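This note sets out a few points for a colleague reading the structure. Please keep the sequence and the model in view while going through them.

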Amino acid sequence: MANKKAANAASASSFDSASLNYTKEDFKAKIVHHLHSTLGTSENKATKQSWWKATCAAVNELVYERLTQTQQTHANKDTRAVHYLSAEFLMGRLTANNLHNLHLFNVCSDALKDLGINLTDLCEEEPDMALGNGGLGRLAACFIDSLATLNLPALGYGIHYENGLFRQEIHNGRQIERPDSWREYGNPWEICRPESIQEVALGGYVETIYSEKDGSLKKVWHPAQKIKGVPWDIPVVGYNGTTVNILRLWESKAPESFDWDVFNAGGYVDAQAEKARAETISKVLYPNDSTEAGKILRLVQQYFFSACSLKDILRRYKRAHTLASGKVDYSEFANKIAVQLNDTHPTIAIPELMRIFVDEEGLGWEEAWNICYKVFSYTNHTLLPEALEKWPVYIFERVLPRHLEIIYEINRRFLEGECERVFPGNDFIKAKLSLIEEGSTRMVRMGNLCVVGSHKVNGVAAIHSKLVKEDLFPEYAQIWNDKFCNVTNGVTPRRWMLSCNPELAKLYTETLGSDEWVTKLDKLKDLKKYADNADFQKKFMAIKHANKVKLATVIKAETGIEVDPNALFDIQIKRLHEYKRQQLNLLYILALYRRVLENPDLEMTPHVFIFGSKAAPGYKMAKDIIYAINKVGERINNDARIKGKIKVVFMPNYRVSLAEKLIPAADVSQQISTAGYEASGTGNMKLAMNGAITLGTMDGANIEIVEEAGEENNAIFGLSVDEVKSVKANGYNPWDYYNRDHEIKKALDWLDSDYFTPGFPGELAGIKRALLEGGDTYLALADFRSYSDAHARLEKMYANKKGWAKSAILNSITMGKFNSDRSIQDYVDQVWSLETCLVK
Ligand code: Z57
């Protein structure tokens, strides 16, 4: 195929894979070699799983070489590095991604073809690495891809959860959670590093020792328990370049020494119990997105990975900065180390670093603090009050008694220092800014600790950063105006275009005559002149159609539902939360269904509504909404009267690998959060890049997306942030909308009947109750009419094939800003001041 050759040539131009002895024949030999020597099987017996692992082993030969080179180069040059601390890394699958980033995808595919194996099939063997919930975790994964691609010295630090986010099954319309054991049969991408094991302490008490000499007080923490942290490294392969960074994930274990003591004392069974307790720490990911669990184990998880990571960072620093005298020179610490806190989850790293400096390394408080706040910076991802982490003081006392004392001291110095200077004698503001919330249960406010203990605080989209500064932390902004900044999120075009939409990538590379756009996504703007070109439009829409045909097959296989690829594919994929308003989408579906029933000859484009979403297991309303979507879908999909004009599909077990199939097939991207509630969104970017038109509110990054793509090429609706504020301030009454809007009333009353749940009236009534008696916190009814009008505009747009193609193309090629490489460059410039380091 001529096209395929061209794409091959384009990628080889920027990176010569032949020079690395990875020709097709070499690759074949390597795969077969690993099938024999690593997997212990043979060509005629090997399962797909074995072929997949043998392929990974062949790729790893190159990955490990580069990894070693990268680490040596960084160590020799003693580079400044950023350490991205995150409780979540939602990596998904790595095989196709690594192959693309090494420019080996086509070579590998051809080699396997010779061996009678299909690479795309093989990639399906890999379980998703789902060590995250949603946006925040996937952002971390995109960021480490970009850091390596930009040749920046960086480490990701997180938790090696034995079980990632639960697998979702749908039984009679309801979500059932099943454990996700992603590494049960081995994972070829992780390397255990026993030589870098760390030990961290928990619990116990603090002893105060008075010094006769100088009258000072020395604090000694006597912990009750020690936990071993075993590091697992995942190589992070940069695109094009030679940098292979690592993601280091900590697994918790009981220290052998501890077991042994108890064992000797005859406590073999107790020792096993102790071991189980220690291993519980990294057993499972908390399945909450944007709501905090408030469980002790979660605080222990946070401390466990933060403390292991800091110890690792210090060990590496000491290797390069220990003086001949044996003393460590900490004067360079803040010049060499940057630590980014991905939300407040790793905040405990701030008092932990102070503890190490003051209690263990003998630095004075001020000297320690002067280093500490320069090291840390904090990203805020939400304004939702239920997501802002607070930990009861009594839990801190039990788990981290010394850290609590340090937090008190940070607080005292802040309140008596900076706070008093700007707000002299203002006890009201001091109470608000205090790291401790006074009340019946005293709480440590992790967000406040982050702001005080970091030199930069950023939000994740322009509007969000403005709200962080003006609404969430206004008094802090008066004290430290320059601390606050914005870094709009981004996503990696390697996974979210090149790898998941290869045909579109090929069209772009061929038309531009270069694949430069894969790193410089702005280059796609050069295609603007083709947006009106009939031939280009035809090709673009043919690719979209082929992607829809493929998705239709997946939908049929997963749900049994038949959908027509000629219908409009309207997709809402994201965690289930009332602020994201899947219930608004459902209300519109109900209204549309009624319109068709009342007017069977209604002219309309067949419309497929596709959902993918997990609900936090303890979030009742979210689970009720999933149930309602499934029940309404069942009724609609089986109603012959509407002649297939509407289909509703709920795709079970939404995850990264499923997103990669859904996104390239989307015509419409639903981004319909109540304005002011979605910090940024990142799915909105992925969908737009792949040519979906955004049906959305002026919230988060949607604002910046339509600024790039043009509002006329999208369907924007609903109240703005300011309007939401004023509607709420003026006393919002959802009943007014119910009583005045016939369609709203009919749709809600329908949910109250047994139309969708025959024999079980009222099963779906909870949604109606939340929207009326519950006060409709997220203004779904207030935005309904405007949403419905936006749908009507979309329908009109879709009816005009050329107009639609043009808008879809313009959306796709104007998303350059949302390349996560750009986000990382913004962090480098505004927050980290890092330098690139070329490897070899
Ligand atoms: C999470 O995925 C996000 C925020 C949180 O506070 C937590 Br906890 C988890 C999301 C936001 O809701 C998105 O709007 C944002 O795009 C994403 O984080 C990445 O910044």
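Is Asn714 buried or exposed?

1. The model is a predicted one. In this model Asn714 counts as buried, because its relative accessibility is 5% and the limit for buried is under 20%.

2. Leaving aside residues up to four places away in sequence, Asn714 touches Ile693, Thr694, Val706, Ala709, Met797 and Asn811. With Thr694 there is also a polar contact: the side chain of Asn714 reaches the backbone nitrogen of Thr694 at 2.9 Å.

3. The second topic is the ligand. It is surrounded by 16 residues, and the closest are Asp289, His381, Asn489, Glu678 and Gly681. By type, the shell around the ligand divides into 5 nonpolar, 8 polar and 3 charged residues.

4. An N or O atom in the side chain of Asp289 is 2.8 Å from a ligand oxygen, and for the side chain of Asn489 the distance is 2.8 Å. A polar side-chain atom of Tyr579 lies 3.2 Å from an oxygen atom of the ligand. On its own the ligand has 460 Å² of accessible area, of which the protein covers 97%.

Note on methods: Residues numbered from 1 in each chain as written. Predicted model: local features only at pLDDT ≥ 70, side-chain atom pairs only at ≥ 80, totals over all residues. Heavy atoms only, no water. Near = heavy atom within 4 Å. Polar contact = N/O pair within 3.5 Å; in protein donor to acceptor, adjacent residues only side chain to side chain. Areas by Shrake-Rupley, 256 points an atom, 1.4 Å probe, with all protein chains shown as cover. Nonpolar A, V, L, I, M, F, W, Y, C, P; charged D, E, K, R; others polar. Buried < 20%, exposed > 50% of the residue type's maximum accessible area, 1.4 Å probe, protein only. Contact = heavy atoms within 4.5 Å.
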